[in-house]
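I opened this notebook to record, entry by entry, what I looked up in the structure. The entries below follow the order in which I went through it.

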Amino acid sequence: MQLLITRPRFEDTTHYIFHWSQPLLDEARRWGRKIFDLDKSKASRKKVESYLQSQKPELVILNGHGHNRAIGGHDNEEIINMSNARILKNATVYARACSAGKVLGQEIVNQGAKAFIGYKEDFLFFKNEIDFKDPLKDDYAQPFFESSNQVATSLLKGKTPKEAHIDSMKSHLKWIEKLSTTAAGDRAFLIPFIKWNACFQVCITEKV
């Protein structure tokens with residue numbers, strides 16, 4: 001399996017997504033996957049299209065800002081939108097980008113992708129400013145990114161898109177249960193937002 005992942009990093013949100021994508025690269029290496037890591041300014045439309053067309057990776061993870069018809073890369077350039085969705089043909093796609101699952105995800109599948117997993121509304125997370133320099137130590141961000149990372153982790157292990165989606169739902173539930181206990185301390189306020197991400201995460205596998 002070949003993995004293409006975009007990791008733009010140009011402001012606070014993408015700074016966090018950039019760092020929380022590192023465990024996915026580590027997981028891919030453990031499974032011996034070939035990796036095309038388009039990080040920072042390399043997360044451009046030109047490079048993404050070039051790698052998708054020449055390498056045809058089976059798994060594509062797109063991180064960045066988004067809306068219902070596009071997913072952004074470096075400096076919010078639209079790297080995937082309705083006009084080039086066809087270049088994801090035969091790939092399984094996971095997009096950690098706001099609202100891309102509302103319209104674009106279905107178009108990506110209609111144009112030949114095996115599956116699209118993403119979010120119909122905003123992808124939410126919280127951050128603790130004291131951990132900004134090292135997001136992987138941020139226990140406010142942890143539940144959101146561990147649960148969303150689970151999608152890609154399961155796909156890297158060879159699970160089906162539907163199984164990966166279910167595994168992610170289980171991770172969300174685990175965190176909700178954990179933060180519902182008295183041991184959660186000041187993190188209990190995160191529960192409604194974890195539920196939000198779970199509610200609006202979608203797995204699209206069929207054309208319409």
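**Notebook: contacts, helices and loops**

I began with Thr153, which touches Leu24 and Glu27 when residues up to four places away in sequence are not counted. The model I am reading is a predicted one, and I keep that in mind for every entry that follows. Thr153 has its place in helix H5, and I noted that Thr153 counts as buried because its relative accessibility is 15%, where buried means under 20%.

**Entry on H1 and H5**

I stayed with H5 and asked how its axis lies against that of H1. Two packed helices are described by the angle between their axes and the distance between the axes, and I looked up both. The axes of helix H1 (residues 12-20) and helix H5 (residues 142-156) come within 11 Å, and they cross at roughly 55°. H1 and H5 are therefore oblique to each other, and I wrote down that H1 passes H5 in a right-handed crossing.

Which residues of H1 and H5 meet? On the side of H1 I found Tyr16, Ile17 and Trp20, and on the side of H5 they meet Gln142, Phe145, Glu146 and Asn149. Sorted by kind, the residues of this contact of H1 with H5 divide into 4 nonpolar, 2 polar and 1 charged.

**Entry on Leu136**

Trp20 came up again when I turned to Leu136, which, leaving aside its neighbours within four places in sequence, is in contact with His19, Trp20 and Pro23. Leu136 sits in the loop between strand S8 (115-119) and H5. With a relative accessibility of 39%, Leu136 counts as partly exposed. I also looked up Leu136 against Cys98: they are 38 residues apart in sequence and 21 Å apart in space, C-alpha to C-alpha.

**Entry on Ile191**

Next I looked at Ile191, which is found in helix H7 (residues 191-200). Ile191 and Pro143 are 48 residues apart in sequence, yet 9.3 Å apart in space, C-alpha to C-alpha.

**Entry on the sheet**

I then turned to the strands, where 3 of them form an open sheet in the order S4-S5-S6 with antiparallel pairing. Strand S4 (66-67) and strand S6 (78-81) stand at the edges with a single partner strand each, so one side of each is left without a neighbour in the sheet. Strand S5 (residues 70-72) is joined to S6 by 3 bridges, and the two run antiparallel. I looked up the bridge partner of Ala70 and found it in S6, where it is Asn81.

**Entry on two loop residues**

Asp75 lies in the loop between S5 and S6, and Asp75 has a positive phi of about 55° although it is not a glycine. Its relative accessible area is 53%, so I noted Asp75 as exposed.

Ser99 has its place in the loop between strand S7 (92-96) and helix H4 (104-110). For Ser99 I wrote down a positive phi of about 65°, again for a residue that is not a glycine. Where Asp75 is exposed, Ser99 counts as buried, at 10% relative accessibility.

Conventions. Residues numbered from 1 in each chain as written. Predicted model: local features only at pLDDT ≥ 70, side-chain atom pairs only at ≥ 80, totals over all residues. Heavy atoms only, no water. Axes fitted to C-alpha atoms, helices over the stretch in contact; angles between N-to-C directions. Helix = DSSP H or I, 4+ residues; strand = E, 2+ residues; numbered from the N terminus. Parallel < 35°, antiparallel > 145°, perpendicular 65-115°, else oblique. Left-handed = near helix turned anticlockwise from the far one by under 90°. Contact = heavy atoms within 4.5 Å. Nonpolar A, V, L, I, M, F, W, Y, C, P; charged D, E, K, R; others polar. Pairing = 2+ DSSP bridges. Buried < 20%, exposed > 50% of the residue type's maximum accessible area, 1.4 Å probe, protein only.
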